[in-house]
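Hi there,

Here is the structure I promised to pass on. Please have it open while you read my notes below.

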Amino acid sequence: MCSLEKRGNLFILILTGQNGEHRLNPNLFSSIISALLRAKAESTRGSALVTVSHSKFFCNGFDLDWVNAAGSDEETQQRFNLLLDYLKQLVLAFISLPMPTIAAVNGHAAAGGVVLALCHDYVLMRRHRSVLYMIDLDLGIKIPEPFMALFRAKISGSARRDLLLRGLKIKEEEALKMGIVEAVYDGEEEVTNAGIKMADDLAKRNWHGEVYAEIRKGLYSELCDILGIASIPIATPKL
């Protein structure tokens, strides 16, 4: 599950439960998406959101135990497809959110957990305790759109190749050099506080949330086309 705290203009999304792995299943997906919808509904000019977690994992991908607990091969595939659909809804919710977003990655992020991190505008990582790992190639699972479009939008050239086609476990310093993350910090408290500070600094710019979201959509136009996200007309202010 997750919880959402509001501190002034800041929203803090906290991943909780499931033995600290924060595996993505219908309950966690629904909880996160509901929190994002609440943040969107309660947002004001100058809002910002930071996602944090407290454990060894930021998010350890899909809950494959839940998938494999199905009674038949057909139901197993249906459950996996359901998680893919939820992940698509999650990407859509983040891309449409009318505020800056920061992921404070305190632990490992695998597969869907990497997608969750990359949904944010900025990613921070904890030193010595976190890796980014796409396990799909090892499991023989094809990465479908729109998630490939997300990788194309957020990660450049050889870094994207090494993450997806070499299956590397990318440590925080490597991720920093590759341009995947903005900065790394020594401990859980440091990376969490850094995420909150970045969110606070961005909130102080007092940007118009819908304008921010529309510029984000334009920046990731291929991803938005695949997701079917339409632009919203916004009146030009008096200059």
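This is a predicted model: local features need pLDDT of at least 70, side-chain atom pairs count only at pLDDT 80 or more; totals for chains, interfaces and linings use all residues.

Residues are numbered from 1 along each chain as its sequence is written, and side-chain values use heavy atoms, with hydrogens and water left out.

Let's begin with the sheet. It is open and has six strands in the order β1-β2-β3-β5-β7-β10, with mixed pairing. The edge strands, β1 and β10 (183-185), each pair on one side only. On average, neighbouring strands in this sheet are turned by 20° against each other, direction ignored. (Strands are DSSP runs of E, at least two residues, and helices are runs of H or I, at least four, numbered from the N terminus; two strands pair if DSSP finds at least two bridges between them. Axes are lines fitted to C-alpha atoms, for helices over the stretch in contact, and angles run from 0 to 180 degrees between N-to-C directions.)

On one side, β2 runs antiparallel to β1 (residues 2-7), joined by six bridges; cysteine 2 has leucine 15 as its bridge partner. The two strands form a hairpin with two residues between them, and glycine 8 in the turn has a positive phi of about 65°. Six bridges also join β2 to β3 (residues 48-53), this time in parallel, and here leucine 15 has serine 53 as its bridge partner.

Further along, β5 (residues 101-105) and β7 (residues 122-126) run parallel with four bridges, and alanine 103 stands opposite valine 123. Helix α1 (residues 26-42) packs on the sheet, touching β1, β2 and β3 (contact is heavy atoms within 4.5 Å), and its direction makes about 20° with that of β1. Helix α9 (residues 188-203) runs at about 160° to β7.

Finally, have a look at phenylalanine 147 in helix α6 (residues 147-154). This residue counts as buried because its relative accessibility is 4%. Among the residues that phenylalanine 147 touches are Leu84, Leu87 and Val115.

Best wishes

Notes. Buried means under 20% relative accessible area, exposed over 50%, partly exposed in between (1.4 Å probe, protein chains only). Lists of a residue's contacts leave out its neighbours within four places in sequence.
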